[in-house]
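Thanks for coming, everyone. Have a look at the screen.

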Amino acid sequence: MRKTFLKVSLFSFLALGMSTAFVGCKDYDDDIDQLRTEIAANKTAIEAINQKISQGAILNSVVPTEDGKGIVISVTKDGNTQTYTIKNGENGQDGTTAQVWDIREVDGKAYWFKNGENTNIPAQGKDGVYWAPNEEGTKLEEYAWNADAKKYEKTGKTVDIAITVEGDKTPGITAVADANYVYLTGVQTGTDEAGKPVFGTVAISRNGLLRGIVFNPDLYLDGVEGTRYAYADGVYKTPGAGDATGEITVNATKANFTIPAASNWHYVAGAATDAYQLGENATTSYVLNPNNANIDGVEFSFLPIDNKEQVATSRAAEVAVPALVVKDKPAMKDGELKVVYNIVNPKSVVYTEDSKNTLPVTALQATLAGKDVDEVITSDLFSLVMATVKFTALSYVPAAESTADVHLDTDGKTAAESASDFIIAYNQNPENLFDLSTKIRVCYTIADFGKTATTESQMTLAEAASRWGLTASYDPMTYYVGTSETDESKYASVAADGKVTLKYIKDGAWVNCGDNEASRSAIGKHPIVRVTLKNGDKVVLVGYVKLEIGDKAAVPPTIANTPIILANGTLPLLCEAKDDAVVSTWQTTSDKVLAELGLSEAEFKANYTIEGDAATGATYVEGTTENTFVAVTGNTYGNLEYDADSEAGPTNGFLTWDYAVANAKAIAALEGRKVKLFRKFVNNNDANIILYLGVEISIAAAPSVTFGTLDPVFLAEGKTDEVGMRVPQAKNTLGMDVYDFYALLKDYYTDDVIKASYTVAPATGYPAIADLGVAQSYKFAAAAEQMEGLAVSADALSLLSGTEVIATIGAADGKVTYNDSEKAKELLNAGTSDYNVWAKVEITATYGSCKLPFAALAGNKVRIDFKRPIVLKGAEGYSIYPNGIDPSQEPLGDFFTMKDSYGNALFALQNNAYADVNGIYNFYKVATLSIDFSQVAVSGVTFKMMAAAGSSATVTQDATNKNLYTANISSVDALNEIMVVCDYGNEVLEKDQVVKLPITVAYSWGTQSVEAQVTIKAFPQN
C-alpha cells in the first residue's frame, strides 16, 4: 500500500502557535521520489547533504552563488561547516538569476525576505493574515483567519516567487526556506527522451528532525493493515528413565545392544509447569518523514496492545504495561526503518473484549532524544495477526532424489534398530567435515488465530535461532553392541557447531580417521548422535541421528555419466517390426566400455546393475544440457533389452532394440528422424557412478510414389492434368442413356489403370512396390482447389453448391458422377463455354496393413471438366421476307441448330424438311422451345408462333405475357410444323431491320438460351 507524508512548515507553526512535532497536511511522495531520482550534475551534492543531515548535521544557510546563477547550501556538524553548490546548465552558464526566499524576524514579527531584502509579506499570522508557499514552491499564497471555523483559510491571493522564463531558456533555481525544509524549484532532475533537460522540485530537511512514521503492512486483516506474529506453544521435554536393550544386524550377524539410562536415550513431555510460550523475534517496516531523518538518539518503543472494535485513525490510548518490546536498535535498510521486536506473553493477546469481536492493535512511537515527553511521534495503528506454532519434530532431507523431509527417530533405541540416516566415508577431509547443522531442520505447524494447521513446514536451525533464540546441541549417545560391548558412538565426536569427526582405535587411543588403511577399521560402525533443540537449558525437541561409517567413494571412470553409443542402425518405417533391427554386441561393449573400465565381463556384471527390468526397464535420452539424461515416458521409443548372458560368444546381444510400429513412428516424428536411446547402469558401490549405454536408431524416410500418366487422348489442349467428361454417345453399345453422366477415373489413365510406382528409389529396406501393400482411395481435393463457389463435403466424396450436390466420387472405385440436381443442371448450361463447371479429384494412398502415409504423392490430382451434353446455337443472318398482304411464316427449325458434345447434329435439312438425320434426337430428350417476342421490337410488325394448318404439333401462349410462346418439340417433325409468323400489317417498313429472337430450349440436362439473329426485310409502299 502506498503511503503519503504530511509536513508542516514554519509559517504553519507560527500561525497556529504550536511547537510540537506532528503529522500535518502536505504530500511528500513526489519530493521523495525526486530525491531518489538521478538528477544529473546536482545528484551528488543533494545526496551528500542528505547523508550529512541524517548523521546529525544541520542545514544552516541557503544563499545565491556570487554569480547569482545557483544556490549555495551550508551544512554544519560539530562546528565544522561544509558548502554545496547546486546549478543548472553547464557550469551554471545557461541558468537565469537564482533567488532565495526565507523568513526573517523584524521588530518581533516574521516577514518573507527575497535575496536578503524584506518584501513586507507577513510570514506570521495572529488573528490576521499570513503568506505561505504552495506545494510546488512556485507561489506564496495568502491565508486569513476564519473566526467561525477557527482556522486559517486561503483567500485566493498569490505572489509568484519561482523564476519563470520563456522558450527553451534554462530556468534559475528558487529556494524557499522555512525552519524545517528547503524547497528547491527549477532544479535539473534529468533529461527527456529527446535529451532536453527536465526541471523539478527537491525538498531537503534542514535538521533531519524526525516528523512522521508510517507503518508499511505485510498483510491486511479484514481490510485493516497488519503484521503476522508467530509464537510457539508447547511443553518442554525431560529425560525418560530406564535402560534400553535390543538387537541389531552388523555385517549380516545379529548382535544385542544396551543403552544405559544415563545416555538420555529418550525424552518425555514435562509437567504442566513445563509449558512454554516463545515469541518470535519479528520485524516490522516503516517509512520515515523526512526520509533522511536522523534517528541517532531516538528512542523507539511500542504502544501497549489495545483491542479496538473498529480501528480509528487517532492515536492509541496509552496503557501502563507494554506488550511489545524492541529487541535491537532499529536501523535503516533499503529506504525503510526496520524494527525487530518481541511480544511478552504472546498467548495473552486476545481477539475479543467485553464479548465483542475486536482487533489487537498497536503503534510504534519515537521519543526524540533531548526533548521532553511531549516530543513524541507515533505511527499509524496496525493490527497483530497472532499465529500459533507447534514444534513437531527434527528432520533431515535424505540424499536420495526425494525432496520430502524424514523425521529423526525420537528415541535412541529406535535409531539403533533403524537404517542409517547418513553414510560418511572414513577418509574424511579435515577442512570439510560432515556438518550436521546444515542437514537438520525443525519441523513445525503454524495456524493463524482461530484456525487449524493442516500442513507441516520446515525451517533451518539458523532460522530457529534467529526467530526464536533456540540453539542446537549435538551429543554422541553411548550404546554397547555385542559381547565385547563396543561403544559404537565412540567412533565419532561432534563439535558444538555440528561438525562430525570420525574416530578409530590406534594403540588403545581414539584418533581421527584419515585417508589411510588403518582408518578403514572404522568402516561399518554406527555412531548415534542426539540432537537437542533448546531454549536456554530447556529442551524443546530431541532427535537421534544414526550415522554409518562407509568406504570412500570410488573414482568415477571417465565414461561415467556420459553417453556411450554401442551400435546404430537405420531401418524402414513398416507395419511389421523387424527382429534384431539394432543390436549392440558384447564385443562392442568390451571395446567401448570394459576396456575403458579395466574390468572383465564378470567384474562388470558384479559391479554394475542395470536399472529396472532387463527387458522393459526405463530408457533415457540426452537432456538439454551436456551429460544430462531424461527418462522416456512410457518408453515411447521402444525398449532396450539387456542380455547378461554372453556365453554364446562375443557377437551375442548386449543391448537389443525391441519396438512396435508406434515406437518407430514416434522416432520418425523427431527432428532428423532419429534418437539416441540409453539404459542406465548403476555402480553397486557408489550410486553416483552411472553408465549410460545405448544405441542410435534412425528411421528412413517413407517412400514417395506416383500414379502414372493420363492418356493424351483425354487431355485438354496444352494440359497434363485436365480431362473432359461427357454423357455417353447416343448410339452406345452399353445400353446407357443420356442420364448416365459418369466415368471411372482410371479410364482416363494410360492402359485404363491407376497403379502406384516409386517416384525415386526408396531407402534401403523398403520392398518392391508390389510387396509394399499400397491401398488407394479417391476423393475430391480441398475446397480451395475447386471451382469458385463450390465446396466439398466433410467426407470429401461430394462436390457441393451450398447444400446441393453437384457431383460425387466413389472412395473405392474412383467413379465420378455428375448429379442431375437443378443446381447441377444450371451450372452445366451456364455461360457459352462447352465446359462451364469442373472439379478436382485426388488419389490418396497409404502402405502396409497399418496404413502408413507416403512421404509424397505425385500425379494424384486430376481436373475433370464436365461438358454440356448439347450445344444450342441461334441462326445467324437469317432473313424474313414480306409475303404480299399475308403474314410471313417460317418453320421453327430455321432459327437454331443443336449438336451433341461429340459434334453430331441432332437435326438437319433432308429433302427440304428437318429430320433426325443421325438418329440421336430422341436420346437427348429435347422437350420444348420458347420465344419471348416482347423482347423483339420492329415498328408495325408483330410476331407469334403457331402450328401449321392440319399439324398435330402444339404451341401454348403464356397467360400473362401474351408475347411468350412455348412449342412442344419432343418430335423433330415439330421443327417443320411450327411456324414463326411475322405480320407486317398495314405498316410500311422502308428499310431492313435486324432483330434478335431469344430462344430457350429445354432438354434432359436443363435449359439453354441463345439468340437468333434475324433480318426483317423492308416492305416499302408501292
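First, a term: a residue is buried under 20% relative accessible area, exposed over 50%, and partly exposed in between, using a 1.4 Å probe and protein chains only. This is a predicted model, where local features need pLDDT of at least 70, side-chain atom pairs count only at pLDDT 80 or more, and totals for chains, interfaces and linings use all residues. Residues are numbered from 1 along each chain as its sequence is written, and side-chain values use heavy atoms, with hydrogens and water left out.

Now, salt bridges. The rule is a side-chain nitrogen of Lys or Arg within 4 Å of a carboxyl oxygen of Asp or Glu. How many salt bridges does the count come to? The count is 23.

Take Arg 520 and Asp 551. Their side chains form a salt bridge at 2.9 Å, N to O. Arg 520 sits in the loop between strands E43 (509-512) and E44 (528-535), and Asp 551 in the loop between E45 (538-550) and E46 (563-571), so the pair ties together parts 31 residues apart in sequence. Strands here are DSSP runs of E, at least two residues; helices are runs of H or I, at least four residues; both are numbered from the N terminus. Arg 520 is partly exposed, with a relative accessible area of 30%. Asp 551 is partly exposed too, at 41%.

Next pair: Lys 1017 and Asp 992. Their closest N and O atoms are 2.9 Å apart. Asp 992 is partly exposed, at 37%.

Is Glu 141 buried or exposed? Glu 141 is buried, at 14%. Lys 154 is exposed, at 53%.

Last topic: helix H9, residues 822-829. Which of its residues are buried? They are Ala 824, Lys 825, Leu 827, Leu 828 and Asn 829. What do they pack against? Strands E62 (804-809), E63 (815-818), E64 (835-847), E67 (861-867), E79 (993-1003) and E80 (1006-1016). Contact means heavy atoms within 4.5 Å. After H9 comes Gly 831, with a positive phi near 80 degrees.
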